[in-house]
Amino acid sequence: MRKNFKKVGAVLTASAVALTSIFTLGPAKTAEGADDFVVEKDPYVIAEEDAQPYNTADLKLTPGLTYVKDGKEIEVTGAIDTQSFCADPTCMEVDGKIYVYGTTDQRSYGTENSYTNDKENGEVITNKYQTKKLSIFSSSDLVNWTDEGFIDMDKVFSDSGKPAGSGWAGKSWAPSALKYDCDGDGKDEYYIFFTNGGNVGYVKGETPTGPWKDELGELLIDKGKIPNGMGTGIIWNFDPAVLLDNKGDAYIYWGGGNGSTPELQKHPKTSRSCKLNISADKVEMDWDTITELDSYYHFEDNEINQFGDKYVYTYCANWNVPANNQYIKDGSVSIVGYVSDDPLNVTSDPENWQEGDPKFIGKILKNPGSELFDEYYNNHHHMFEFKDKYYMLYHTTALDQFLYKDFYAQKKVKSYSYRNLHIDEIKVDVESDEPTIDVKPSYAGPEQVGKFNPYQTINATTQSHQGGISTAQLEDGKVVVDKIDTGDWTRIDGVDFGSNGATKLEASVASATTQGSIEVYLDEALTGTKIATLQLKDTGADTYETLSADLENVTGVHDVYFVFRGTDYRVASWTFTEKEAPAPSATPTPGTPAPATPAPGTPVPTVTPAPSPTVTPSMDKVSVAKPAIKSVKNVKGKKAKVTLKKKINGANGYEIRYSLKKSMKSAKKVTIKKANTLKVTISKLKKSKTYYVQARAYKTVNGKKYYSSWSGKKNVKIKK
């Protein structure tokens with residue numbers, strides 16, 4: 001979903017909640033050569049008469065997303081996408097990074113009965129969900145997020161050459177992500193399942209960001225073709241959720257809607273589960289396993305997780321939950337769910353629960369509109385584990401309300417339901433007799449997981465918070481900061497420059513003007529330490545060239561602000577260069593006399609240089625790639641067979657550690673001493689216990705071992 005909100009001069013000079021003339025119409029300022037864009041995210045637009053001069057001495061920053069609660073203005077840093085509108089999140093972890101996918105909320109314009117996605121066609125109206133695009137964001141620390149662009153169904157083709165967008169994918173909502181090595185080559189393929197508004201299909205990618213292919217060229221789940229009459233009870237044949245469990249089996253869950261009677265509101269029975277068969281060239285439904293789910297007060301938003309050995313099925317409850325319901329207290333349109341031992345039978349009737357049935361958790365997440373942003377709406381969510389903690393993604397209308405508050409006051413509505421994504425940490429306990437999942441939605445979001453590494457090419461869209469920027473996806477797939485105006489800014493949190501520090505900053509910029517610059521500050525914009533100013537040069541609107549500045553004394557951990565002056569330019573990336581560590585100097589031993597100066601005419605003896613000593617690389621100069629565990633399976637004799645996905649080039653072997661505790665406390669280890677050996681069996685395990693397993697590679701240099709980081713965890717229950 002891309003934003004088409006408009007900002008005016010009041011945004012620059014007053015509180016973000018006191019916006020005026022929000023819907024000032026008129027074409028956005030666009031640099032020459034903008035035809036190279038595949039898609040542009042609708043930007044904030046500043047009226048020409050309200051724009052600040054690029055060289056103003058009294059620069060006003062564009063406000064970032066805030067919300068006013070009890071008269072207090074609060075910065076909303078828990079939002080992932082403050083430069084666009086997006087909903088219905090899902091995610092997957094790839095190589096230590098979380099990739100989030102969501103429905104692209106494109107603005108509708110015109111009238112409620114006649115509308116398009118064309119912003120020249122009148123003023124904005126209520127969300128009509130007219131999107132053929134899915135948005136992608138990524139993060140390695142869950143605070144700083146990079147805009148990775150779109151999956152555009154008009155540009156995803158089947159083997160027949162027909163775009164999905166003109167075939168079955170006329171819309172794209174509510175994605176669910178899965179990675180799977182479908183051809184056994186040790187490399188994962190990436191699948192995004194989603195609904196076209198009434199049925200379910202998928203696209204397949206070579207990487208988490210594509211390129212994407214419409215592998216089937218048709219729907220995966222067509223309601224009219226579901227066998228044995230199992231499709232007739234589904235009101236909404238959409239909102240898929242997919243899972244690859246720790247046994248290597250894949251499942252899909254979908255459906256929704258509720259009837260008009262109290263019984264059909266309580267027990268709609270409109271969702272389904274089914275096993276998936278995934279091969280190198282297609283995904284198929286195993287229709288023999290399709291199961292009707294009796295999910296209590298189900299509305300929409302199917303989600304599935306495996307935490308330990310438990311299957312956790314969650315969804316959005318409907319609007320008809322009685323206020324005094326003992327199982328979903330204060331729970332209309334909240335996230336609720338079940339814990340089950342069976343991946344297909346994941347529901348039960350909590351009012352008639354029997355031993356062995358899946359357990360109803362009840363309310364997990366109260367509707368964020370009631371908790372934070374004073375607007376109820378249906379909600380979608382996704383839970384995931386990352387670096388030994390648990391998190392939930394969900395959406396709100398915070399950005400919509402922030403940008404259009406005055407307009408809604410005039411129209412006497414709360415919002416037009418354009419949504420943006422949020423994230424919070426959650427607490428998960430599903431192994432106990434009374435399973436719980438707790439989350440309290442917040443404005444701040446989670447704590448940063450680790451520090452941000454500046455010594456890499458950083459996409460300029462990467463930010464923890466920002467004011468005023470837009471982004472655009474170029475023909476080559478690159479995503480850049482676009483529609484920049486004087487006073488706009490981005491921030492990256494927790495940037496670790498280390499003890500050596502940064503000596504240089506480079507930016508890849510395409511500019512149609514010389515009238516502007518980029519100022520870089522530490523810790524606070526404008527009032528913090530300014531470390532660089534990058535002066536624009538006229539490169540041409542389509543040509544990206546490097547602007548650079550030398551840096552001094554930039555060490556330690558800081559928040560970094562990029563403050564923009566001027567317009568008609570785009571920024572693709574930032575690159576910091578680390579200062580080289582000084583070479584150690586030889587210090588003479590105390591008391592050693594200085595060598596005597598030979599008398600004139602005395603022959604100088606020839607000195608044969610001593611051989612250079614062998615230098616053992618330091619820990620930070622020996623790089624070992626992290627392995628991945630393909631599977632952990634219980635085998636007879638209270639043993640577990642661990643299989644790694646692929647050989648790590650340059651490694652000498654692997655360490656496997658296993659523990660009864662998810663924290664890996666008191667873990668035991670086994671060593672694989674050959675890089676080509678990818679399997680090992682762990683013995684002497686305890687029956688009926690669940691073990692957590694990780695792997696790391698090692699490389700031996702001059703007799704010393706250097707290790708990779710630990711892989712993600714797999715778990716296995718010892719049953720035999």
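Here are some notes on side-chain contacts in this predicted model.

1. Start with Asp147, which sits in strand β10 (residues 146-152). Its relative accessible area is 0%, so Asp147 is buried. The side chain still has a polar partner: Gln83, through a polar contact of 3.1 Å.

2. On to charges. The count of salt bridges comes to 30. One of them pairs Arg107 with Asp400, at 3.8 Å from N to O. This pair links distant parts of the chain, with Arg107 in the loop between β5 (97-104) and β6 (108-110) and Asp400 in helix α4 (residues 398-411), 293 residues apart. Are the two ends buried or exposed? Arg107 has 1% relative accessibility, so it counts as buried; Asp400 is at 0% and counts as buried too.

3. Glu351 and Lys266 form another salt bridge, at 3.3 Å from N to O. Glu351 is in the loop between β21 (335-340) and β22 (359-365) and Lys266 is in helix α2 (residues 262-266), so the bridge ties together parts 85 residues apart in sequence. With 34% relative accessibility, Glu351 counts as partly exposed.

4. Next, Lys662 and Glu385, whose side chains meet in a salt bridge of 3.0 Å, N to O. Here, too, distant parts of the chain are linked: Lys662 belongs to the loop between β40 (653-659) and β41 (668-672), Glu385 to strand β23 (residues 381-386), and they are 277 residues apart. Glu385 counts as partly exposed, at 29% relative accessibility. Elsewhere, salt bridges with shared partners join Glu75, Arg491 and Asp493 into one network.

5. Now the rings. A search of the whole structure turns up 32 aromatic pairs. Take Tyr313 and Tyr315: their ring centres are 5.7 Å apart and their planes lie at 40 degrees, so this pair is tilted. Tyr313 is buried at 0% relative accessibility, and Tyr315 is buried at 0% as well. Both belong to a cluster linked by ring pairs, together with Tyr253, Tyr296, Tyr297, Tyr327, Tyr338 and Phe360.

6. Which strands hold Trp489 and Tyr561? Trp489 is in strand β31 (residues 489-496) and Tyr561 in strand β36 (residues 557-565), so their pairing ties together parts 72 residues apart in sequence. With centres 5.9 Å apart and planes at 45 degrees, the pair is tilted. Trp489 and Tyr561 are both buried.

7. Last, charges over rings. The charged end of Lys478 sits over the ring of Tyr544, 5.1 Å from its centre. Arg657 lies over the face of Trp710, at 4.1 Å from the ring centre.

Key:
Residues numbered from 1 in each chain as written. Predicted model: local features only at pLDDT ≥ 70, side-chain atom pairs only at ≥ 80, totals over all residues. Heavy atoms only, no water. Helix = DSSP H or I, 4+ residues; strand = E, 2+ residues; numbered from the N terminus. Buried < 20%, exposed > 50% of the residue type's maximum accessible area, 1.4 Å probe, protein only. Polar contact = N/O pair within 3.5 Å; in protein donor to acceptor, adjacent residues only side chain to side chain. Salt bridge = Lys/Arg side-chain N within 4 Å of Asp/Glu carboxyl O. Phe/Tyr/Trp six-rings, centres within 6.5 Å; stacked < 30°, edge-to-face > 60°. Lys NZ or Arg CZ within 6 Å of the ring centre and 35° of its normal.
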